[in-house]
Amino acid sequence: MKFDIDLTNHTPIYLQIMSQVKHAVASGALAPGDQLPTVRQLAADLRVNFNTVARAYRQLDEEGIISTQHGRGTFILEPASEQDSARLRQQDLALLAKYFVEEARKLDFSPDDVRQQFEDQLAQWADEAAND
């Protein structure tokens, strides 16, 4: 898996890393048993502080998404249930919505402008789904 961080985004880097791991798990790009890069390797690849990656991994571990086994590496855990998988997907959707709203706010759009654009996009999506 390739990680990408956006230094212009106001979301802290450790949260960006966590979000990408959660998204990859929810979408199936990362499966139970898959190994993640070491903290040092990912920090070097992303050119960020070691502690930033360690914080992301520690929180993912606390949430039961990964497990770090000293001397072996960091691995994706088996989801405890479909409920956990659904929870991860909902968290991913919430992060997307939050990002969308934050970016629209930065561009100085009103809530009504954002709502209209969002509703237009949903309607277009529904039309495309109906035609498939």
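Figure 1. Leu 122 lies in helix H5 (111-131), where helices (H or I, at least four residues) and strands (E, at least two) are DSSP runs numbered from the N terminus. The model is predicted: local features need pLDDT of at least 70 and side-chain atom pairs count only at pLDDT 80 or more, whereas totals for chains, interfaces and linings use all residues. Residues are numbered from 1 along each chain as its sequence is written, and side-chain values use heavy atoms, with hydrogens and water left out. Leu 122 counts as partly exposed because its relative accessibility is 37%; buried means under 20% relative accessible area, exposed over 50%, and partly exposed in between (1.4 Å probe, protein chains only). Leu 122 belongs to a nonpolar surface patch together with Phe 100, Val 101, Phe 118 and Trp 125, and the accessible area of these residues together is about 500 Å². Patches are made of residues with over 30% relative accessible area and no salt bridge, like charges being joined within 9 Å and nonpolar side chains (Val, Leu, Ile, Met, Phe, Trp, Tyr) within 5 Å. A salt bridge is a side-chain nitrogen of Lys or Arg within 4 Å of a carboxyl oxygen of Asp or Glu. Accessible areas come from the Shrake-Rupley method with a 1.4 Å probe, and for residues only the protein chains shown count as cover. Helix H4 (82-106) and helix H5 each supply at least two residues of the patch, and H5 provides the largest share, three residues.

Figure 2. Three strands form an open sheet in the order E1-E3-E2, with antiparallel pairing. Strand E1 (35-36) and strand E2 (66-69) stand at the edges, each with a single partner strand, so one side of each has no neighbour in the sheet. Two strands pair if DSSP finds at least two bridges between them. Strands of a sheet pair through backbone hydrogen bonds, either parallel or antiparallel. E1 pairs with strand E3 (residues 73-76) over two bridges in the antiparallel sense: Gln 35 has Phe 75 of E3 as its bridge partner, and Leu 36 has Thr 74. E2 and E3 are joined by four bridges, also in the antiparallel sense. Ser 67 stands opposite Phe 75 in E3, while the bridge partner of Gln 69 in E3 is Gly 73. Helix H3 (residues 50-62) lies across E1, E2 and E3 and runs at about 115 degrees to E2; axes are lines fitted to C-alpha atoms, for helices over the stretch in contact, and angles run from 0 to 180 degrees between N-to-C directions.

**Figure 3. The two faces of strand E3.** In a regular strand the side chains alternate between the two faces of the sheet. Both faces of E3 are covered, with Gly 73 and Phe 75 buried on one side and Thr 74 and Ile 76 buried on the other.

Figure 4. Most residues other than glycine have a negative phi, and most peptide bonds are trans. The hairpin of E2 and E3 has three residues between the strands, and Gly 71 there takes a positive phi near 85 degrees. Arg 47, although not a glycine, has a positive phi of about 60 degrees. Arg 47 is found in the loop between helix H2 (39-46) and H3, and its relative accessibility of 79% makes it exposed. Asp 108, likewise not a glycine, has a positive phi of about 65 degrees. Asp 108 lies in the loop between H4 and H5 and is exposed, at 68% relative accessible area.

Figure 5. Gln 20 lies in helix H1 (residues 13-27) and counts as buried because its relative accessible area is 18%. Leaving aside residues up to four places away in sequence, Gln 20 touches Met 1, Lys 2, Phe 3, Asp 4 and Ile 5, a contact being heavy atoms within 4.5 Å.

**Figure 6. Glu 78 and the chain as a whole.** Glu 78 is found in the loop between E3 and H4 and is exposed, with a relative accessible area of 60%. Its C-alpha atom is separated by 37 Å from that of Arg 115, 37 residues apart along the chain. The protein chain comprises five helices and three strands, in the order α-β-α-α-β-β-α-α from the N terminus. Its C-alpha atoms fill a box of roughly 50 × 35 × 25 Å along the principal axes. Of the 132 residues in the chain, 27% are buried.
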